[in-house]
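Please keep the structure in view while reading.

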Amino acid sequence: MADEVGLGKTIEAGLIVSQLWAEKKRRVLVIVPAALRPQWDTELLEKFFVRSIILESKNYNQLVKADMPNPFEQPRRIIICSYHFARSKSSDIQAVPWDLVVVDEAHRLRNVYKKNSKIARAIRSCIGSRPKVLLTATPLQNSLMELYGLVSFIDPHIFGSEDSFRELFAKRFTNAEQTEFESLRARIRPICQRTLRRQVTEYVRYTNRVSITQDFTPTEEELRLYEGVSAYLQRPDSFALPSSQRSLMTLVLRKILASSSFAIAATLGTLIDRLETKMQTLCTDITEEVAELFDDEFETLGELTDEWPGDEDTDEAVGETGGLTEEQEEALILKALQDEIDEIKDYRDLAASITQNAKGEALLIALKTGFAKAAELEAPRKALIFTESRRTQAYLKDLLDANGYSDQVVTLSGTNSDEASKRIYHDWLGRHDGEDCITGSRTADMRTALVEEFKD
């Protein structure tokens, strides 16, 4: 189901689930991004009166201890889990004769044809030939090969081999080859349904989107920081960016750099600590440690890594020193490593010296402009501010608290470990004690509590 955003793919899938439920076919699995688990749980209950359970590590282990060998085998409740959990428990999933598997935001699996798409391949393998529904508003993003990947979940024989599909469809077409497109449409027509918004405007009244842009100019210090770190990231080799993951790590560092000076300062500080530790062993490959570093800072690292095409590992040595003695090589490597640490320290110190970000100041102006427009349109005084960096989120919270929005801001992230979130969660549990909206999953219930806090 590839309907455009907002046309009810979740409801369509719910109708299928409801029909199967009425037919006593009740082994149903829903695999979704972690953030969407409570939404699915709520909508299945409120709109279709079907109970579900969100499986995650904590309650999974509890069920195993309670003599349930496979917690996925629960025919009286629909099972909801995240992509990552599905991958980690793929053998359990494969053991269940599912009547239906629903995969939401299925475009995240589009690179399954690539060998390094571990999560996508694990999910495709464990749900195998079970009946399934894939939901995505964006089945194609960069290449027709992504369509090949998604279709392989439904039927691996429709397009034949990867090479034949690439030869027939994935190359750049000319007008003379329009017949090939018609052939492609004909092949996917039986398995793909896509409805566009313009096709349903007579039935659905959409709210018009009003875009307002707020320009800003970075300060001289911010520009100096951006240009310096950018030049460092463009080097052909470095100790901090091993060839095996250089382009992925460079992309994440650039995203953090563009987020705020506070985010990049902390990230560079931790990177320095890791490099100084590596000086003790002269180990130049710190891939795993840096990945962990980014995971602490960068909210969507897991999703980005899942879809990353991969870097070629050239096994190059940083500061290659052929023809020298072992002692001379060690001395040169140590000096090169220390020089790199000193340079990163300069960038870290510069970032730490910046106390105001031009983009943050522009946000305050944008909020006033946006609220004025909302009042004109008689819309609620609400604003959603998105960032992928948790440290930038903390900075924005402090900035808003100090500029007239104190006690009017709710923060939502993948961790929600701050005291305010814990208080909101505790109060929510008290208000809804004994109600069905409490799923028992702390992660899902915390998110529901924070969303309700913002809503009310």
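**Strands, helices and charged pairs**

Strand 1 (residues 28-32) and strand 3 run parallel and are joined by 4 bridges. This is a predicted model, in which local features need pLDDT of at least 70 and side-chain atom pairs count only at pLDDT 80 or more, while totals for chains, interfaces and linings use all residues. Residues are numbered from 1 along each chain as its sequence is written, and side-chain values use heavy atoms, with hydrogens and water left out. Helices (H or I, at least four residues) and strands (E, at least two) are DSSP runs numbered from the N terminus, and two strands pair if DSSP finds at least two bridges between them.

Within the pairing of these strands, Val-30 has Ile-80 of strand 3 as its bridge partner, and Val-32 stands opposite Ser-82. Strand 3 also pairs with strand 2 (residues 52-54), in the parallel sense and over 3 bridges. Here Ile-54 stands opposite Ile-80. From strand 2 the chain passes through helix 3 (residues 57-65) to strand 3, a β-α-β crossover that is right-handed (with the strands pointing away from the viewer, the path from the first strand over the helix to the second runs clockwise). On another pairing, strand 1 meets strand 4 (residues 100-103) in the parallel sense over 4 bridges, with Leu-29 opposite Val-101.

How many residues of strand 3 are buried? In strand 3 (residues 78-82), 5 of 5 residues are buried, where buried means under 20% relative accessible area, exposed over 50%, and partly exposed in between (1.4 Å probe, protein chains only). Both faces of strand 3 are covered, with Ile-78, Ile-80 and Ser-82 on one side and Ile-79 and Cys-81 on the other. In strand 1, too, 5 of 5 residues are buried. Val-28, Val-30 and Val-32 point one way from strand 1, and Leu-29 and Ile-31 point the other way. Val-32 has a relative accessible area of 0%. Between Val-32 and Ile-80 the C-alpha to C-alpha distance is 7.5 Å, across 48 residues of sequence.

The helices can be read by their faces. An α-helix has 3.6 residues a turn, so residues three or four places apart point the same way. In helix 3 the buried residues are Asn-59, Tyr-60 and Leu-63. Seen down the axis of helix 3, these buried residues fall within an arc of 105°, so they line one face of the helix; the arc is that of the directions from the helix axis to the C-beta atoms. The face of helix 3 turned away from the buried side carries the exposed residues Lys-58 and Lys-65. In helix 6 (residues 118-127), the buried residues are Ile-119, Ala-120, Ala-122, Ile-123, Cys-126 and Ile-127. Their arc, seen down the axis of helix 6, is within 165°, so they line one face of the helix. Just after helix 6, Gly-128 takes a positive phi of about 40°.

Most residues other than glycine have a negative phi. Asp-407, however, has a positive phi of about 65°, and Asn-416 has one near 50°. Asp-407 lies in the loop between helix 17 (390-405) and helix 18 (419-431), and Asn-416 is likewise found in the loop between helix 17 and helix 18. Asp-407 is exposed, at 78% relative accessibility, whereas Asn-416 is buried, at 6%.

The charged side chains come next. A salt bridge is a side-chain nitrogen of Lys or Arg within 4 Å of a carboxyl oxygen of Asp or Glu, and by this rule the count comes to 16 salt bridges. Arg-27 forms one with Glu-73, the closest N and O atoms being 2.7 Å apart. Because Arg-27 lies in the loop between helix 1 (9-22) and strand 1 and Glu-73 in the loop between helix 3 and strand 3, the pair ties together parts that are 46 residues apart in sequence. Another salt bridge joins Lys-255 and Glu-388 (3.6 Å, N to O). Lys-255 lies in helix 11 (residues 246-259) and Glu-388 in the loop between helix 16 (358-376) and helix 17, so this pair ties together parts that are 133 residues apart in sequence.

Glu-222, in helix 10 (residues 220-233), is buried yet has no salt bridge. Its nearest side chain of opposite charge, Lys-359, is 8.0 Å away (Lys and Arg count as positive and Asp and Glu as negative; His and the chain ends are not counted). The side chain of Glu-222 does reach the backbone nitrogen of Thr-219 at 3.0 Å.

Terms used. Polar contact = N/O pair within 3.5 Å; in protein donor to acceptor, adjacent residues only side chain to side chain.
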